[in-house]
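Welcome, and please take a look at the structure shown here. The notes that follow walk through it topic by topic.

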Amino acid sequence: MNKNQKINCTVTTCKYNQNQEQLCSLEQIIVTPTQNCKTKQPDESMCSSYQYNKE
């Protein structure tokens, strides 16, 4: 795995979205399947590392 890999994210409500620059500040994320979803599209997965930014 490339040590310079970046995680881009457009979820502005996530506390790990670095200064709203669409960059995740975590070194790794956990991606999990969405239950009962078999669309063969991106909505079949979600970021389980998401935490709401309380600011």
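A residue is called buried when its relative accessible area is under 20%, exposed when it is over 50%, and partly exposed in between, using a 1.4 Å probe and protein chains only. By that rule, 16% of the 55 residues in the protein chain are buried. This is a predicted model, in which local features need pLDDT of at least 70 and side-chain atom pairs count only at pLDDT 80 or more, while totals for chains, interfaces and linings use all residues. Residues are numbered from 1 along each chain as its sequence is written, and side-chain values use heavy atoms, with hydrogens and water left out.

**Overall layout**

- The protein chain has zero helices and two strands; these are DSSP runs numbered from the N terminus, with helices (H or I) needing at least four residues and strands (E) at least two.
- Strand 1 covers residues 31–33, and strand 2 covers 45–47.
- Along the principal axes, the C-alpha atoms of the protein chain fill a box of roughly 35 × 30 × 15 Å.

**In the strands**

- Thr 32 sits in strand 1 and is partly exposed because its relative accessible area is 23%.
- Thr 32 is 16 residues from Ser 48 in sequence, and their C-alpha atoms are 6.2 Å apart in space.
- Met 46 belongs to strand 2, and its relative accessible area of 46% is why Met 46 counts as partly exposed.
- Between the C-alpha atoms of Met 46 and Ile 30 there are 8.4 Å, with 16 residues separating the pair along the chain.

**Before strand 1**

- Asn 4 is found in the segment before strand 1, and it counts as exposed because its relative accessibility is 63%.
- The C-alpha atom of Asn 4 is 9.9 Å from that of Glu 27, although the two residues are 23 apart along the chain.

**Positive phi angles**

- Most residues other than glycine have a negative phi.
- Gln 22 has a positive phi, near 65 degrees; this residue lies in the segment before strand 1 and is partly exposed, because its relative accessibility is 44%.
- Lys 40 also has a positive phi, near 60 degrees.
- Lys 40 lies in the loop between strand 1 and strand 2, and its 75% relative accessibility is why Lys 40 counts as exposed.

- A pocket is an open set of points on a 1 Å grid over the protein atoms alone, where a 1.4 Å probe fits and protein lies on both sides within 12 Å along at least five of seven lines; its lining residues have an atom within 4 Å of a point.
- The second largest pocket has a volume of about 160 Å³, a volume being the space filled by probe spheres set on the points.
- Its lining has 13 residues, with Cys 9, Val 11, Cys 14, Ile 29 and Cys 47 nearest the centre.
- By class, that lining has 10 nonpolar residues (Ala, Val, Leu, Ile, Met, Phe, Trp, Tyr, Cys and Pro count as such), three polar and no charged ones.
- Val 11 is found in the segment before strand 1 and is partly exposed because its relative accessibility is 37%.
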